[in-house]
Amino acid sequence: MLLSQTLVPTLRETPSDADVASHVLLLRAGCIRQLASGLYSWLPIGLCVLRKIEVIVREELARAGAQEILMPVVQPAELWLESGRWDVMGPEMMRMRDRNDRDYALAPTHEEVVSDLIRKAIVSYKQLPCNLYQINTKFRDEIRPRFGLLRAREFVMKDGYSFHLDDASFELTYQAMFDAYSRILNRIGLDFRAVDADPGTMGDGESHEFHVLAESGEDAIAFSPASSYAANVEKAEAVATGDLDKPALTLEKKPTPDVRTIDDVAQLFQVAAKQTIKTLVVKGTSSLVGLVLRGDHQLNEKKASRLPEVAQPFEFASEDEIRAALACGPGSIGPVNLHVPFYVDRSAAIVSDFICGANEDGFHFTGANWKRDATATRVVDIRNVVEGEPAADASGPLKFIRGIEVGHIFKLGTKYTAPMNVTIQDAKGVSRELIMGCYGLGISRLVAAAVEQCHDDEGIIWPEAIAPAMLHIVAINYSRSDAVRAAAHDLYDRCLDAHIDVFLDDRDERPGVKFADADLLGLPHRVIVGERNLAEGRLEYSYRRSELELVTPTQVLERLQS
């Protein structure tokens, strides 16, 4: 690639609307350009990286036995109504109508479409299992697109789906896809972690996320350094340590005017927040529902939303709704004589002599105890884990790291095949609903995640497997020196003959501009062609910004080929 003939609009200044390193550097290096909020055009260098990731993905999925297809981006509403997700997906799904007034959506995902395809295309159990995938464009109308490609509205994604007659077959494919994703990220050269995860609106069963580790990651990951345990904080199991002590205090009702928060309560009674109990109230399927936690713990809404009596979508009750049902405000609620169903977090259920709201404005109970004063019949895990507390596998204390989610695989069971009647007759002639798996991998997000993990203050440092080229030839005084031009093109042609991707900076620019752009573009190998060293038959070579050394053109090729 000759840079004089390539669209590489590098920028010297940091774009004002770019917040994270990948957004800044992909813009400055001329890899992408923004069209509108959350919408990006891919320029030649950025597209080259995207395509190299796709090659790796296709190779590993073929190895795992997956077949590539391509499905429409525009999807009819009937399929989403059939699965029951037309309203569940909410405003993130871009809806539209055609000239015949029929409802459609821009694809946020393809579970419904592929289920419809399978029920029409699979006619015998002998065609199962079936593992399909595509690399296609998705659109999700993010409420606040940010961080460039990490949270865009339109993005390139690999989404895969498998269909099975039995659990044993499905488990084999699920593990094969888990292994394929691990190989893909290892081949790209990224530091990552696979973690237990919440399936969200996509599925009902077990799922795993794949996170590229980076300080800028939106997700917090809880892991045990002493074992393989790792989970998204949204999913990580919170363990309660200790036993319920016998009551040491009597229950007393005390006035607490203008006391509404846990901090207020702890300060008034001079106790630690962990000695208090808070009760949050949410909307339920038939009444309001209480969620009881220790005062110093935070509710995990993902966990709470899966409780059987909690309404979907998850929503906190308003103050008016609370007052109508309980005759007090939100800051005065407690589990003693609470007249709505409630769940108690595991850690809250082992606190003795606690302080809680008295279900009357301006009053709290002190010395409250379970069994004697309130009954914790529904003890569940509904809180976020805290760094340093025990891991769920008892391997030791948890640590937190941040990650960028680039992949998510789901065990869907029959969530889509049952309502959409995706069935097949087995060998005995019995009609069976197919078991389904879903496997997503963000291709465009992987580009950004790689930059987040692989960069310095000067620019990108691409992993070799996805670098837009292996070698960057910086020709000094290219337009004025016949010797430099000849040597640069000789090395360039030899690289092309050896099937090595190469950039040649043949522009009529100052050396400082060329060096700055070479740092921004971040190719693994760099050669500087200058008249002084050429006089001795030498070129200046460096690998990933290491110290420069003098080598011959043949030595450059040997290093690239090795």
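Colleague: Where does D243 lie?

Modeller: D243 sits in the loop that links β12 (230–232) to β13 (252–255). Bear in mind that this is a predicted model.

Colleague: Is D243 buried or exposed?

Modeller: Such a call rests on relative accessible area, where exposed means over 50%. D243 has a relative accessible area of 66%, so D243 is exposed.

Colleague: What share of the protein chain is made up of buried residues?

Modeller: Of the 562 residues in the protein chain, 52% are buried.

Colleague: How many helices and strands does the protein chain have, and what does its C-alpha trace span?

Modeller: The secondary structure comes to 13 helices and 28 strands. Along the principal axes, the C-alpha trace spans about 95 × 65 × 50 Å.

Colleague: What do the contacts say about separation in sequence?

Modeller: Take the contacts between residues at least 6 apart in sequence; 69% of these join residues at least 24 apart.

Colleague: Now the helices. At what angle do the axes of α2 and α9 cross?

Modeller: Helix α2 covers residues 44–63 and helix α9 covers residues 443–453; their axes cross at roughly 115 degrees and come within 9 Å. Angles of 65 to 115 degrees count as roughly perpendicular, and that makes α2 roughly perpendicular to α9. The crossing of α2 past α9 is right-handed.

Colleague: Which residues make the contact between α2 and α9?

Modeller: From α2 come V49, L50, I53, E54 and V57, and from α9 come I443, S444, L446 and V447. By class, the residues of this contact are seven nonpolar, one polar and one charged.

Colleague: How far apart are D243 and V447?

Modeller: In sequence, D243 and V447 are 204 residues apart; in space, they are 49 Å apart, C-alpha to C-alpha. V447 belongs to the α9 side of the helix contact, while D243 is in the loop between β12 and β13.

Colleague: Turning to sheets, what is the order of the strands in the open sheet of four?

Modeller: The order is β14-β15-β16-β19, and the pairing is mixed.

Colleague: How do β14 and β15 run, and how many bridges join them?

Modeller: β14 and β15 (residues 288–294) run antiparallel, joined by seven bridges.

How values were computed
Residues numbered from 1 in each chain as written. Predicted model: local features only at pLDDT ≥ 70, side-chain atom pairs only at ≥ 80, totals over all residues. Heavy atoms only, no water. Axes fitted to C-alpha atoms, helices over the stretch in contact; angles between N-to-C directions. Helix = DSSP H or I, 4+ residues; strand = E, 2+ residues; numbered from the N terminus. Parallel < 35°, antiparallel > 145°, perpendicular 65-115°, else oblique. Left-handed = near helix turned anticlockwise from the far one by under 90°. Contact = heavy atoms within 4.5 Å. Nonpolar A, V, L, I, M, F, W, Y, C, P; charged D, E, K, R; others polar. Pairing = 2+ DSSP bridges. Buried < 20%, exposed > 50% of the residue type's maximum accessible area, 1.4 Å probe, protein only.
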